[in-house]
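Here is a short briefing on one protein chain. Keep the sequence and the 3D view open as you read.

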Amino acid sequence: MVITRRVVSLRKPLLRGVQVRYQGSAAFNETPSKSTPPKPIHHMQSATIASTPRRDASPMALKRDSGDYYFEEHSEALLSAFNVYDDMQESENRVTATARDMNLIEAALAVRDESYDKILILIRHGEAKHNEFERQYAEKHGTSFEQANEDENYPADPMLTGKGCGTMLNVSNRTATFFNKETGLLPELFVVSPLRRAIQSALISFPHDAPLTSLSSIPWVCHPSCMEQANGNKSEFVSSPEELEQTFPGIDYDLFKQSLMRGDVYNSSEKVPLFESKIDLMNRTDAFVEWIKERDEKVVVVSSHATWLQSLCAFSLQYEDSDNTNLEMFKKGEMRSVGIKFS
């Protein structure tokens, strides 16, 4: 397979601005516009095909949460990196995963639709203690969020705040309604970032499927490629596998342990800021797509972070009939469902 060009929506500069996303594709509005099943994905035109109709993304504005100060810088750098990646040799060997945004009713119907290989339930963690610290620091000192990271009291690998827990409890009300035997939408695999806020968010969102307590014995895997490491914050000082096992027992940490043995840069032992290029980030989300392709499970829940999820949706998955919502950064505690087909 040779990838010739990305769609133009990934090559145009972003307009700066804030726009609240219509949430029909997430768990917050499950009533589809029509009562018909989701369109079979084999009728879609892959975004990696040269003849894909080109779209003008210039009127697009992306949303962000208050406190996501790195939003515009990250988004623009990521979109610029798409152009570079196109011309790199490894882009020719990428897995093509054509994607379709859907709500949870459509996701439940898609489980029985053989035209979809995977149904991904993507979650960004709720508000964590470093988000709260940054906000309070800026209010107290009248400085930027970035400067809060230099304070010695800045939280490392933080857990969720009370507000963050409440957000994820709201998500759990949705999952209780839509993820059950009656709908047929049942998670078969949970994948979580090694950072504690992502693990905690997934456990709160799906309490009936938690490891060690669930009767279904659904596997939970801690995947190092899903962690946030783009901003150099102390919040990315990941805990050791032993510490995580003590706090969150029953999750498979083998992949995380293997990454440490290989000497990959996951700073559980050395507390230094983690930085990576956007090419590295896109390589990580591409590698994740390759990994889930080899898994047998169809319905996969992924709990991760804003920059990682944006790279996955904007770059590694090729959306059909995209209205550019796949380029938008996830809000804290947001959940989206996506059907994908590999080719």
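Phe190 is buried, because its relative accessibility is 0%. Phe190 belongs to strand β3. The model is a predicted one, so a section on confidence comes below.

**Around Phe190**

- Leaving aside residues up to four places away in sequence, Phe190 touches Phe206, Asp209, Ile218, Pro219, Trp220, Val221 and Val301.
- Phe190 and Cys222 are 32 residues apart along the chain. Their C-alpha atoms are separated by 8.5 Å.

**The chain as a whole**

- The chain has 343 residues, and 59% of them are buried.
- Its secondary structure consists of 10 helices and 7 strands.
- Take the contacts between residues at least 6 apart in sequence: 84% of them join residues at least 24 apart.

- The chain has a mean pLDDT of 77. A pLDDT of 70 or more is reached by 70% of its residues.
- Residues 1–36 have a pLDDT below 50. Beyond near neighbours in sequence, this stretch still shows 108 contacts in the model.
- Residues 41–63 also have a pLDDT below 50. Their count of contacts beyond near neighbours in sequence is 76.

**Nonpolar cores**

- Nonpolar side chains tend to be buried together in soluble globular proteins.
- The largest nonpolar core here has 37 residues. Ile119, Ile121, Leu185 and Ile251 have the most contacts inside it.
- Which elements give two or more residues to this core? They are the helices α2 (104–111), α5 (162–178) and α6 (196–205), with the strands β2 (118–124), β3 (189–192), β4 (220–222) and β5 (299–304).
- Helix α2 gives the most, with 5 residues.
- Back in the largest core, Leu185 is one of the residues with the most contacts. Not counting residues up to four places away in sequence, Leu185 touches Leu104, Ala107, Ala108, Val111, Phe178, Phe179, Asn180 and Val299.

**Helix α3**

- Helix α3 covers residues 129–141, which makes 13 residues. From its first C-alpha to its last it reaches 18 Å, close to the 18 Å expected at 1.5 Å a residue.
- Which residues of α3 are buried? They include His130, Asn131, Phe133, Glu134, Tyr137 and Ala138.
- Those residues cover an arc of only 160° around the axis, so they sit on the same side of α3.
- An α-helix has 3.6 residues a turn, so residues three or four places apart point the same way.
- Glu139 and Lys140 are on the other side of α3, and they are exposed.
- Gly142 follows α3. Its phi is positive, near 65°.

**Helix α9**

- Helix α9 spans residues 278–293, a run of 16 residues. At 1.5 Å a residue it should span 22 Å, and its end C-alpha atoms are 23 Å apart, which agrees.
- Buried residues in α9 include Ile279, Leu281, Met282, Phe288, Val289, Trp291 and Ile292. Lys278, Arg284, Thr285 and Asp286 are buried in α9 too.

**Loop residues to look at**

- Asn149 is in the loop between α4 and α5. Is Asn149 buried or exposed? Asn149 is buried, because its relative accessible area of 14% is under the 20% limit.
- Asn149 and Tyr137 are 12 residues apart along the chain, and 9.5 Å separates their C-alpha atoms.
- Asp157 lies in the loop between α4 (145–148) and α5. Asp157 is not a glycine, yet its phi is positive, about 40°. At 1% relative accessibility, Asp157 is buried.
- Leu212 sits in the loop between α6 and β4. Leu212 is not a glycine either, and its phi is positive, about 75°. Leu212 is exposed, because its relative accessible area of 69% is over the 50% limit.

Methods
Residues are numbered from 1 along each chain as its sequence is written. This is a predicted model: local features need pLDDT of at least 70, side-chain atom pairs count only at pLDDT 80 or more; totals for chains, interfaces and linings use all residues. Side-chain values use heavy atoms; hydrogens and water are left out. Helices (H or I, at least four residues) and strands (E, at least two) are DSSP runs, numbered from the N terminus. The expected span of a helix is 1.5 Å times one less than its number of residues. Buried means under 20% relative accessible area, exposed over 50%, partly exposed in between (1.4 Å probe, protein chains only). The arc is that of the directions from the helix axis to the C-beta atoms. pLDDT is the predictor's confidence in each residue, from 0 to 100. Contact means heavy atoms within 4.5 Å. A nonpolar core is a set of buried Ala, Val, Leu, Ile, Met, Phe, Trp, Tyr and Cys residues joined through side-chain atoms within 4.5 Å.
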